[in-house]
Amino acid sequence: MVMVFYGSNGKSNPVSMENKVEHQTENQTTYDIHLPSDLGTLYKVRLGLQSLENNISQLSLRHFKIQNTSTLDTFSLTINKTLPLSPNGDRWIEFPIQWPLKEALSVVTYHLTVFSRNILNERNLVHMTACIYGTYGDTGDRALLQSLQNVQQGEKNESFLVIVDAVDLGELEKIVLLISSKTDCKLDIKKLHVQEAAKEHPIYVFEVNEEFSVNANKPKIQREIPRSFVIREKQKNDIDNDLNKEGNQAKNLTEYTIKVYTGDKRGAGTDANVHIILFGNEDKSEVFQLSQSLEHQNPFERGKVDTFKIKTKKLGSLRSIEIGHDGKGFASGWFLEKVEITDAARNSVQCFNCNR
């Protein structure tokens, strides 16, 4: 068992409990731990099993109590959890420390989604961890391939969800990946998304777009991936605020989800400003500038799919679209593969092929 203590000025090195038993009774073990004096006020503890083997014994934790022997300030917490948290699952738990007259941070469940091409086929031979960093500290190295959820596997792309419980990290800043393997393989990782399970937004996007070559003879591969951008649903909020000013007009609006597929050819992408107009059998929409992609800070790049949401008056059944750009920027030519539009009200999807 290992503990890591986080203070207002930093965190401690992992403190192993292996040889630190000072007092022990049937259900209680007391340790004397010396922490650096410059750590500052403690605000959280991470406690877990350092072993990465699958056949480790379970550890049942009932209660935790910590006391500063100088000030006699004391914090106690009932835990009632068993590590690992599930078969082959997370081996760490975190909890905030609440001192007298000080407000504690909360525990947050984070959803980390990995988008890749081939990890799922190699997951039994590969060990991969991620450490998420924010303004309030980090999660430590959490295993990514032990208990996957919401697995989606397609012909070229795949994704899976990893659930991480941690004390609130604040604004997320970077992720550090550690990858090792028992055999030769290549892992193609596209990007990582992190968001709080209880909230749709913000979504923190970490673009990777790298193929990692790993084998048993190589040391662990480490990559520090800075945050690429944050999806805060600003566009939708701006629209909603405008509609509130205009009364109940929102009832007469329809939301469309527009997926724009840029072809996978040399020079296919563009930096020009792209616009779209929708034509239905009842009406046509105003001109919409497609500038805020939900996936990419820089939309319309080669081989990428960009999603946009718009709200407009009722158009009826969609018949056609006009899509184009203003020609600005160096080499503004754009190879558009297709556009898919979902009508939320009608629950219908229509595809407009371009391929030019």
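Which residue in β6 stands opposite Met 3? That residue is Leu 47. Keep in mind as you look around that this is a predicted model.

**The overall picture**

Let's step back for a moment. The protein has 2 helices and 27 strands. Along the principal axes, its C-alpha atoms fill a box of roughly 80 × 55 × 35 Å. Of its 356 residues, 40% count as buried. If you take contacts between residues at least 6 apart in sequence, 66% of them join residues at least 24 apart.

**Around strand β6**

Strand β1 (residues 2-7) runs antiparallel to β6, with 6 bridges joining the two. β6 also pairs with strand β9 (residues 92-96), again in the antiparallel sense, over 5 bridges. Within that pairing, Arg 46 has Glu 94 of β9 as its bridge partner.

| Strand pair | Bridges | A facing pair of residues |
|---|---|---|
| β1 (residues 2-7) and β6 | 6 bridges | Met 3 and Leu 47 |
| β6 and β9 (residues 92-96) | 5 bridges | Arg 46 and Glu 94 |
| β22 (residues 274-280) and β25 | 7 bridges | Ile 276 and Ile 323 |

**The PLAT region and its core**

UniProt, in an unreviewed entry, places a "domain: PLAT" feature at residues 108-226 and 254-356. The span 108-226 is 65% strand and 3% helix, and its end C-alpha atoms lie 21 Å apart.

What are the residues with the most contacts inside the largest nonpolar core? They are Leu 144, Ile 175, Ile 179, Ile 189 and Leu 192, in a core of 34 residues. Several elements supply at least two residues each, among them β10, α1 (119-122), β11 (126-134), β15 (158-167) and β17 (185-196). In soluble globular proteins, nonpolar side chains tend to be buried together.

Setting aside neighbours within four places in sequence, Leu 192 is in contact with residues including Leu 112, Val 114, Ile 175, Leu 177, Phe 206, Val 208 and Ile 225.

You'll find Ser 116 in strand β10 (residues 107-116). Is Ser 116 buried or exposed? Ser 116 counts as buried because its relative accessibility is 0%. Its side chain makes a polar contact of 2.8 Å with the side chain of Glu 158. Beyond its neighbours within four places in sequence, Ser 116 is in contact with Lys 156, Asn 157, Glu 158, Asp 188, Ile 189 and Lys 190. One of those, Ile 189, is also among the core residues with the most contacts.

**A three-stranded sheet**

Further along, 3 strands form an open sheet in the order β23-β22-β25, with antiparallel pairing. β23 (288-289) and β25 (318-325) are the edge strands, each pairing on one side only. Between β22 (residues 274-280) and β25 there are 7 bridges, and Ile 276 stands opposite Ile 323 in β25.

**Cysteines**

How many disulfides does the structure hold? The count is 0. Cys 351 is in no disulfide, and the nearest cysteine sulfur, that of Cys 354, is 11 Å away. Cys 351 is partly exposed, with a relative accessible area of 39%. Cys 185, on the other hand, counts as buried because its relative accessibility is 8%.

How values were computed
Residues numbered from 1 in each chain as written. Predicted model: local features only at pLDDT ≥ 70, side-chain atom pairs only at ≥ 80, totals over all residues. Heavy atoms only, no water. Disulfide = S-S within 2.5 Å. Buried < 20%, exposed > 50% of the residue type's maximum accessible area, 1.4 Å probe, protein only. Pairing = 2+ DSSP bridges. Helix = DSSP H or I, 4+ residues; strand = E, 2+ residues; numbered from the N terminus. Polar contact = N/O pair within 3.5 Å; in protein donor to acceptor, adjacent residues only side chain to side chain. Contact = heavy atoms within 4.5 Å. UniProt positions renumbered as here; feature names shortened; annotations may be inferred. Core = buried A, V, L, I, M, F, W, Y, C linked by side-chain atoms within 4.5 Å.
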